[in-house]
Amino acid sequence: MSEASIKQAEIAVEQQHVDRVYARLDELRAEAEAMRDKSYEYGREATPEALNERDVMLHHANRTLQALNAESEGLVFGRLDFANGDAVHIGRLGIRDPQFENLLVDWRAPLAAAFYQATPEQPLDVVRRRVIRSSREQVVDLSDDLLDPERAPADMRVVGDGALMAALTRSRGDAMRNIVATIQKEQDEAIRAPEGGVTEITGGPGTGKTAVALHRAAYLLYRDQRRLGGPGVLVVGPSPVFMSYISRVLPSMGEHNVELRALGEVLDGVSTAKIDDPRTAEIKGSSRMVKVLRRALRLPPPDAPETLQVFYRGAVLKVEADELKRIRRSLHNKGGQPNKNRMRAADALLEALWQKAEQLADDEFQPDREQLITEIGERIEFHRFLVAWWPPVYPMQVLRWLSDPARLSQAARRLLSAEEVGLLAKSWTEVTEWTVADIALIDELRVLAGPPPKRRRTEDEPEQPPRPVNYDEYAHVVVDEAQDLSPMQWRMVGRRGRHASWTIVGDPVQSSWPDPEEAAAARQEALSAQRTHRRFTLRTNYRNSAEIFALAADAVRDLVPADELPVAVRTTGVEPTVREVTSEQLPSAVRSAAADLLRAAEGTVGLITTMARRDEVREWLSTSDVEDADRLRVVGSLEAKGMEYDAVVVVDPDGLAAESSTGRRALYVALSRATQLLTVLKTA
Ligand SMILES: Nc1ncnc2c1ncn2[C@@H]1O[C@H](COP(=O)(O)OP(=O)(O)OP(=O)(O)O)[C@@H](O)[C@H]1O
């Protein structure tokens, strides 16, 4: 038999099994739907037991349906043949036949671990590992590894080679896919590491850190649904574009209950993707800001009254400016959140008024302490004074107040330079949209100020759903592109995982944060409650061709020891194109490079340029009639973090490297985004 017909015969064998799996899937789906319908009937009897039973049944039925209805593509993707003649099929779910025999083993189950861990050196009783590729319910390709030829039966057929290579050369499209069929051993070790404490996964571009982090989340959810289910897992990443890029990976594995949030979306009620210029972002992210904000909250609000004067039974009681200042200082010195100290502030003012009254007491004016405090405390004018002098503070309003350079200088004395004060004040003047860096400051202020009193709902306002107040209920937090979190962002994210276990993935070489030591200290503080730290390093770059990665690595060779850079496994024989043009020629060069790559590559084409030039480059392309422009994405260097495109044009690499103090690293990120083709356009 020819090799092709052997393969066809083996495909037919696997197709039979795949058909059985899908038939059983239909049965299970029908059973779950029947259970769901039955649970509604239970609900009609309103006894507490019946309602409770209904909830349990409904929850179970819905979860089962969610898992069964996950994308059916690639449901069965692997098979292991063991030395004792047994065989199991591996898939995205576990499915048993009515006799409870395994038809399909969930990739996360212990029995499936050998699929990822067996090697020719350590075959773990596996003779043949088979990767099965399907299109919908049809098996289209197979690829085998013969791991233990000595123990293989004589009639065992081995077909195809390189399931991984085949997966890597396929075009990627707009959304990241799951890699369950081709997870590699070093990746699997990180995915299946125990849950507790901190699991840190580092590695260069394209080593699968994001993929591994998401598969780890799916694995942990499978292992401990009870603890991690519900809103138990939070995944934080750099940008909404990135979150949308990775958003299908977990649902494709049947996991829907994971919160994915970009750094600009971590805080409820406000969401932004706007990025400050590098210098301003650097100041806003620095841990010096904690003190600046603390001091800002101690300052009197703008237009606070300077004296307090009350007429009481014929006497004028007056608390002067200095004394009011002293009272404010002593209230703050006692600690506590200003919003929780409003009653204390009222008491302190009334006490000061009583002391004035006591000083004025004579034969005719005989004030009584209790009486005075009750009487003045109930007056509307006193409440008006209190609201102006010690108002409820709202985090965003405090930042707006700091657009006044004089006020900000006071809060930032000896912490920020005059230039830094100028930049911040300017960024908060007439804000129409907050920036990603502002979100961490707003969150810090939320905690420092305490909850403001609840505004009374007007009748036509809908009731808001209850929100978590302290955000610390997550059981597991995954941080992606962790090298880019500023100290203030570490504080914000750290608050979400006070009692959680953590998976942290990143690559220090790709960092755009200028002071790594400061960020490391903030990160250590955020994770200070964690006792266990385990580390994994991924060393193989699965994204770029070797030719593309060699050029990308040149951007950082003198910044990093060579053995800290990953190794790209795929050679294509296609070198990146580097072209030099004049500034005048650049717009047309960009248009023609984009058009060339759209013709040459399937899937997405990314144009990566400086943050400052992004809109201009978009403009150049919008006026051209490039075909297939819906496959084009124009992004600034920071927005390219974590992203991947089939082909990439890097526009003005020197400008990109010069854009910030970490520009060379940003250039390394930009040059390492392409899976197939790369064009670099330099300006002379
Ligand atoms: N074992 C694998 N099988 C198939 N594809 C893989 C495998 N590992 C990684 N990939 C693919 O390689 C690409 C890069 O993976 P990923 O984005 O997770 O890398 P990363 O380390 O997070 O990269 P970066 O640091 O550049 O953001 C993705 O397309 C991913 O699906």
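Trainee: Why are H9 and H17 called roughly perpendicular to each other?
Mentor: This is a predicted model, to begin with. In it, H9 and helix H17 (residues 418-427) pack at about 95°, their axes 10 Å apart. Angles of 65 to 115 degrees count as roughly perpendicular. The pair is therefore roughly perpendicular.

Trainee: Which residues make that contact?
Mentor: From H9, Arg279, Thr280, Ile283 and Lys284. From H17, Glu420, Leu423, Leu424 and Ser427. By class, the contact of H9 with H17 has three nonpolar, two polar and three charged residues.

Trainee: What makes H9 and H18 roughly parallel or roughly perpendicular?
Mentor: Helix H9 (residues 278-285) and helix H18 (residues 436-449) pack at an angle of about 15°, with axes 9 Å apart. Under 35 degrees counts as roughly parallel. So H9 and H18 are roughly parallel to each other. Their crossing is left-handed.

Trainee: Which residues of H9 and H18 meet?
Mentor: Ala281, Lys284 and Gly285 in H9 meet Ala437, Asp438 and Leu441 in H18. That contact divides into three nonpolar, one polar and two charged residues. Gly counts as polar here.

Trainee: Which residues make the contact of H22 with H23?
Mentor: Pro587, Val590, Arg591 and Ala594 of H22, with Val617, Trp620 and Leu621 of H23. The classes are six nonpolar, no polar and one charged. Arg is in the charged class.

Trainee: What makes up the shell around the ligand?
Mentor: By class, nine nonpolar, 11 polar and five charged residues. Of the 25 residues around the ligand, Thr182, Pro205, Gly208, Lys209 and Thr210 come nearest. Helix H4 (163-169), helix H6 (209-223) and strand S15 (540-545) each supply at least two residues of the shell.

Trainee: Which residues does UniProt list for "coiled-coil region"?
Mentor: Residues 11-38, in an unreviewed UniProt entry.

Trainee: What is the helix content over residues 11-38 in the model?
Mentor: The chain there is 100% helix and 0% strand. The end C-alpha atoms of that stretch are 40 Å apart.

Terms used: Residues are numbered from 1 along each chain as its sequence is written. This is a predicted model: local features need pLDDT of at least 70, side-chain atom pairs count only at pLDDT 80 or more; totals for chains, interfaces and linings use all residues. Axes are lines fitted to C-alpha atoms, for helices over the stretch in contact, and angles run from 0 to 180 degrees between N-to-C directions. Helices (H or I, at least four residues) and strands (E, at least two) are DSSP runs, numbered from the N terminus. Angles under 35 degrees count as roughly parallel, over 145 as roughly antiparallel, 65 to 115 as roughly perpendicular and the rest as oblique. A crossing is left-handed if the near helix is turned anticlockwise from the far one by less than a right angle, and right-handed if clockwise. Two residues are in contact if their C-beta atoms, placed from the backbone, lie within 7 Å. UniProt positions are given in the numbering used here, feature names are shortened, and annotations may be inferred rather than shown by experiment. A residue is near a molecule or strand if its C-beta atom, placed from the backbone, lies within 6 Å of it.
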